[in-house]
Amino acid sequence: MGLFSLTQEIAIDLGTANTIIICDDKVVVDEPSVVAISTADNKMVAVGRKAQQMIGKGGNMIRTVRPLRDGVIADFYACEMMIRGMIKMIPRNHQLFVPSLKMVVCIPSGSTEVEIRAVRDSSEHAGARDVYMIYEPIAAALGIGIDVESSDGCMIVDIGGGTTEIAVISLGGIVANKSIKTAGDDLNADIIDYMSRMHNMRIDEPTAERIKMQVGSALTELENPPEDFMVIGPNKVTALPMEVPISYQEIAHCLEKSISKIENAILQALENTPPELYADIVKNGIYLAGGGALLHGLAQRLTDKITIKFHIADDPLHAVARGTGIALKNTKNFGFLIR
């Protein structure tokens with residue numbers, strides 16, 4: 001931004017698991033959506049990765065909060081502090097004298113008016129004077145490189161931390177959509193429950209996330225299977241230390257129920273798709289975005305089940321953020337942005 005710029009423009013992918021900020025077409029902040037708050041004076045101690053490292057370690061002095069749950073703001077005060085903290089993390093060369101802040105924030109496609117208002121209020125309280133919002137599936141499509149204003153239909157499945165957003169997009173709008181609260185957090189919960197039931201081991205969410213990233217799978221048979229992942233933790237009965245090797249086949253079985261819910265939601269969205277757009281989707285395939293798209297074997301499983309080709313977006317973790325950044329540069333031209 002120039003020294004005498006009157007407005008600083010940023011795009012925010014305000015996610016349940018991670019928050020990404022784009023400024024000047026670059027990802028300048030990519031941090032976990034976590035804030036640590038002092039219980040003594042209710043002030044922010046840390047935000048992002050530093051706050052994540054404090055989970056379960058602060059005792060009664062510090063509480064760590066994930067302000068967003070299931071894709072929506074669950075703690076307004078913590079969310080406002082988190083946004084402020086993330087904005088301060090933007091490198092100094094992007095933080096010159098700017099009296100006004102313009103912000104584009106992405107939101108789940110199933111957001112209610114109350115939830116949309118909550119995002120706008122939190123953004124304004126964090127310092128934004130001009131706030132636009134964009135639905136996550138449209139942002140993901142923009143980030144993938146799809147012409148969302150074309151008459152051709154395209155289908156996006158964005159598997160985030162709190163929600164899975166499924167949408168059919170045509171002429172700059174969402175024609176059919178399905179938003180379910182089964183996503184990355186639920187897969188983590190499945191793994192925590194599985195380790196407790198099958199191995200009598202107590203693990204927390206960060207460990208479950210590591211297991212999912214290393215050996216998470218949607219299929220019990222993979223062409224290039226990952227190596228077993230060694231999990232260290234306490235026995236939930238004796239509290240003695242345990243080491244358990246976990247295979248991708250085990251995780252595939254424990255994630256089966258949640259992945260089936262995502263499959264059914266995709267089928268429901270396809271049922272509500274007009275025939276002309278359905279034909280476009282069959283021809284062009286369905287695009288997977290979000291962190292859940294990286295689950296081993298997921299695209300192959302969905303292709304086999306639904307018999308439509310599923311494509312994994314390039315860099316699916318940042319597809320929504322990149323699309324939000326594109327929307328930031330076209331606020332005057334894109335009629336689908338929400339004020």
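Helix H6 gives the most to the lining of the largest pocket, with six residues. Helices here are DSSP runs (H or I) of at least four residues, strands are E runs of at least two, and both are numbered from the N terminus.

A word on the model. It is predicted, so local features need pLDDT of at least 70 and side-chain atom pairs 80 or more, while totals for chains, interfaces and linings use all residues. Residues are numbered from 1 along each chain, and side-chain values use heavy atoms, without hydrogens or water.

Back to that pocket. Its volume is about 1,200 Å³. Of its 47 lining residues, the closest to the centre are Ala 17, Asn 18, Glu 209, Lys 212 and Leu 317. A pocket is an open set of points on a 1 Å grid where a 1.4 Å probe fits, with protein on both sides within 12 Å along at least five of seven lines; lining residues have an atom within 4 Å of a point. Elements supplying at least two lining residues include strand S1 (7-14), helix H5 (184-199) and helix H6 (205-215).

Next, the second largest pocket. It holds about 160 Å³. Its lining includes Leu 219, Glu 221, His 296 and Gln 300.

Now Val 231. It sits in strand S14, residues 229-234. Is Val 231 buried or exposed? Buried, because its relative accessibility is 1%; the cut-off is under 20%, with exposed over 50% and partly exposed in between, using a 1.4 Å probe and protein chains only. Beyond four places in sequence, Val 231 touches residues including Met 195, Ile 211 and Val 244. Touching means heavy atoms within 4.5 Å.

Key
Grid points are joined across faces, edges and corners, and a volume is the space filled by probe spheres set on the points.
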